[in-house]
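Subject: Structure handover and notes

Hello,

Here is the structure for your files. My notes on it follow below.

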Amino acid sequence: KAEDYLKKAIEQGSAKASFRLARKTHKKNDFQTAHFYYEKTLELAKKDSDTHYIGLSLYHIGFMHFLGESVKKNNEKAKEYFDQSLKMDCKRAHYGLGAFFEELEQYDCAISQYEKSIKAGIKVSDSFYSIAWIYNTGGNGVTKNILKSKKIHTDLYNKKEYKISAY
């Protein structure tokens, strides 16, 4: 029943309702429907110059390209969406760019983006985990540092306050 009301709100031009339906279907792994509603969110948000929902929809569409959900995996296209999302001041895009650079093994760039995500309070534990993993494996400009990796994991486990400068 809630879905019916969301669809009625979408018919009335609600980007927020479209985004909620996109998230709901995405969480159910209905990627095609989620992609459709992220695109619809983008369309509706652009009509209202709603940079918040423009940025969020660009980020999620980008991640769908990054993961190959309902679309062919395409890292370059994902990066374009993340970059556009950042232009809308969507801080989540830092996490997406971190994952993008990590996959390319450009670890310095990945760590930089993950740190920006942490500072923005977005996907904090995922970002710390990714940084810890990079230090655990090392390579491509990042010195393997098991102690630093272990400290990050321990701090996450203990849910301590995070201080980027300490890492």
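Are Phe63 and Tyr95 buried or exposed? Both are buried. Please keep in mind throughout that this is a predicted model.

Aromatic pairs

Searching the whole structure turns up 10 aromatic pairs. In one of them, Phe36 and Tyr37 have ring centres 4.9 Å apart and planes at 85°, so this pair is edge-to-face. Tyr37 has a relative accessible area of 11%, so it is buried. Phe63 and Tyr95 make a stacked pair, with 6.1 Å from centre to centre and 15° between the planes. Because Phe63 belongs to helix α4 and Tyr95 to helix α6 (residues 92-103), this pair ties together parts that are 32 residues apart in sequence.

Two lysines sit over rings. The charged end of Lys123 lies over the ring of Tyr95, 5.0 Å from its centre. Lys8 is placed over the face of Tyr5, at 5.8 Å from the ring centre.

The core

The largest nonpolar core has 41 residues. Within this core, the residues with the most contacts are Tyr38, Phe63, Phe66, Phe82 and Tyr114. Helices α1, α2, α3, α4, α5 (75-87), α6, α7 and α8 (124-137) each supply at least two of the core residues. The largest share, 9 residues, comes from α4.

Tyr114, setting aside neighbours within four places in sequence, is in contact with His94, Tyr95, Gly98, Ala99, Glu102, Ser127, Ser130, Ile131 and Ile134. Ser117 is part of helix α7 (residues 107-119). With 0% relative accessibility, Ser117 counts as buried. Again leaving out neighbours within four places in sequence, the contacts of Ser117 are His94, Tyr95, Ile122, Lys123 and Ser127.

Helix α3

How far apart are the end C-alpha atoms of α3, and what span should its 17 residues have? Helix α3 covers residues 31-47, and at 1.5 Å a residue it should span 24 Å. The end C-alpha atoms are 24 Å apart, which agrees. The buried residues of α3 are Ala34, His35, Tyr37, Tyr38, Thr41, Leu42, Leu44 and Ala45. Among the elements that cover them are α1 (2-11), α2 (15-27) and α4 (51-67). After α3 comes Ser49, which has a positive phi, near 55°.

Salt bridges

Side chains of opposite charge can pair when their charged atoms come close. The search over the whole structure gives 7 salt bridges, and three of them are described here.

- Lys40 and Glu43: their side chains meet at 3.4 Å, N to O. The two residues are 3 apart in helix α3, so about one helical turn separates them. Lys40 is partly exposed, with a relative accessible area of 23%, and Glu43 is partly exposed at 38%.
- Lys79 and Asp83: the closest N and O atoms are 2.8 Å apart. Both residues lie in helix α5, 4 residues apart, which is about one turn of the helix. Lys79 has a relative accessible area of 22% and is partly exposed; Asp83 is partly exposed too, at 27%.
- Asp89 and Lys91: the closest N and O atoms are 2.7 Å apart. Asp89 counts as exposed at 52% relative accessibility, while Lys91 counts as partly exposed at 37%.

Salt bridges with shared partners join Lys40, Glu43 and Lys47 into one network.

Regards

Key:
Residues are numbered from 1 along each chain as its sequence is written. This is a predicted model: local features need pLDDT of at least 70, side-chain atom pairs count only at pLDDT 80 or more; totals for chains, interfaces and linings use all residues. Side-chain values use heavy atoms; hydrogens and water are left out. The expected span of a helix is 1.5 Å times one less than its number of residues. Buried means under 20% relative accessible area, exposed over 50%, partly exposed in between (1.4 Å probe, protein chains only). Contact means heavy atoms within 4.5 Å. Rings of Phe, Tyr and Trp (its six-membered ring) pair if their centres lie within 6.5 Å; planes under 30 degrees apart count as stacked, over 60 as edge-to-face and the rest as tilted. A charge sits over a ring if NZ of Lys or CZ of Arg is within 6 Å of the ring centre and within 35 degrees of the ring normal. A nonpolar core is a set of buried Ala, Val, Leu, Ile, Met, Phe, Trp, Tyr and Cys residues joined through side-chain atoms within 4.5 Å. A salt bridge is a side-chain nitrogen of Lys or Arg within 4 Å of a carboxyl oxygen of Asp or Glu.
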